[in-house]
Amino acid sequence: MKKIGAWVAALLCVALVCGGFYLVKLRTQDRQSNNQDNLTEVQRIITKNLTENYPATPREVVKLYNRIITAYYKEDYTDKELEQMADQVLCLFDEKLLEVNPRASYLASLKADIADYENRSRYIADARVCDTSEVQYVNDGDDSLAYVTASYFVREKNEYTRTYQQYVLRKDGDGNWKILGFYQIEGASPEDDE
């Protein structure tokens, strides 16, 4: 009888310890979730760890790129935060695009473009990316390429315009899709299937 009582007491102790660890874990996750909810869009962008959580698909890369460029023209941020957002964009660029857009010149061009948008009371009101089924994949020799279409609804004072961009992405040696280039196109409105 005493052995059974000892076993029951031991099992209760183990259950209490396991339950305590579980509660601590839940509280930690809840705090982390609340901290993420309190971040601004700019803070969410600059705290995104692209080394460990790089977007898995070409479409997701363009969606993240659009989040960042929309923040450039619409959100409030410090000079340091602008540089951190620009660094996130540069992480999305293919090595060939980085060659023609080194950090210093990209930042200078970006700041001039942002100033122009501000002077014209212009911002990106909405950015959409084509459906997953509309992404075109092509093999070009050793390169795997993807073509992703995006549309931008831009407000300038009281006028709205829609433009379309075709993004060309290339899979790098690590299997990540990087933006190789982009150009303006004529096109129908891609729908975002979030």
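Tutor: Welcome! We start with a definition: a residue is buried under 20% relative accessible area, exposed over 50%, and partly exposed in between (1.4 Å probe, protein chains only). Take Ser121: with a relative accessibility of 41%, this residue counts as partly exposed. Before we go on, this is a predicted model, in which local features need pLDDT of at least 70 and side-chain atom pairs count only at pLDDT 80 or more, while totals for chains, interfaces and linings use all residues. Residues are numbered from 1 along each chain as its sequence is written, and side-chain values use heavy atoms, leaving out hydrogens and water.

Student: What share of the 194 residues in the protein is buried?

Tutor: Buried residues are 32% of the 194.

Student: Where is confidence lowest in the protein, and where is it highest?

Tutor: Where pLDDT is low, the predicted coordinates should not be read in detail. Here the protein has a mean pLDDT of 86, and 77% of its residues reach 70 or more. Confidence is lowest in helix H1 (residues 2-37), with a mean of 60, and highest in H4, at 97. Look also at residues 189-194, where pLDDT stays under 50 and the model has 21 contacts beyond four places in sequence. Contact means heavy atoms within 4.5 Å.

Student: How many helices and strands does the protein have?

Tutor: Helices (H or I, at least four residues) and strands (E, at least two) are DSSP runs, numbered from the N terminus. This protein has six helices and five strands, and along the sequence they give the pattern α-α-α-α-α-α-β-β-β-β-β. Among contacts with a separation of 6 or more, 58% join residues 24 or more positions apart.

Student: At what angle do H3 and H4 cross?

Tutor: Two packed helices are described by the angle between their axes and the distance between the axes. The axes are lines fitted to C-alpha atoms, for helices over the stretch in contact, and the angles run from 0 to 180 degrees between N-to-C directions. For helix H3 (residues 58-74) and H4, the axes cross at roughly 155° and come within 10 Å. Angles under 35 degrees count as roughly parallel, over 145 as roughly antiparallel, 65 to 115 as roughly perpendicular and the rest as oblique. H3 and H4 are therefore roughly antiparallel to each other.

Student: Is the crossing of H3 and H4 left-handed or right-handed?

Tutor: A crossing is left-handed if the near helix is turned anticlockwise from the far one by less than a right angle, and right-handed if clockwise. H3 passes H4 in a left-handed crossing. From H3, Val61, Leu64, Tyr65, Ile68, Ala71 and Tyr72 meet Leu82, Met85, Ala86, Gln88, Val89 and Leu92 of H4. By class, this contact of H3 with H4 holds eleven nonpolar residues, one polar and no charged. (Ala, Val, Leu, Ile, Met, Phe, Trp, Tyr, Cys and Pro count as nonpolar, Asp, Glu, Lys and Arg as charged, and the others, Gly among them, as polar.)

Student: How far apart are the axes of H4 and H6?

Tutor: The axes of H4 (residues 79-92) and H6 (residues 103-119) are 11 Å apart, with a packing angle of about 120°. H4 and H6 are therefore oblique to each other, and their crossing is right-handed. Leu82, Glu83, Ala86, Asp87, Val89 and Leu90 of H4 make the contact with Arg103, Tyr106, Leu107, Leu110, Lys111 and Ile114 of H6. That contact of H4 with H6 has eight nonpolar, four charged and no polar residues.

Student: Which residues is Tyr106 in contact with?

Tutor: Tyr106, in helix H6, is buried at 11% relative accessibility. Apart from neighbours within four places in sequence, Tyr106 is in contact with Tyr72, Ala86, Val89, Leu90, Phe93 and Asn101.

Student: Which strand holds Leu145?

Tutor: Leu145 sits in strand E3 (residues 143-156) and is buried, at 8% relative accessibility. Leu145 touches several residues beyond four places away in sequence, including Tyr137, Leu169 and Trp177. Its C-alpha atom is 6.8 Å from that of Val168, 23 residues apart along the chain.

Student: What is the phi of Lys157?

Tutor: Most residues other than glycine have a negative phi. Lys157 has a positive phi of about 55° although it is not a glycine. This residue is in the loop between E3 and strand E4 (159-171) and is exposed, at 55% relative accessible area. Our opening residue, Ser121, also has a positive phi, near 50°, and lies in the loop between H6 and strand E1 (122-129).

Key. pLDDT = per-residue confidence, 0-100.
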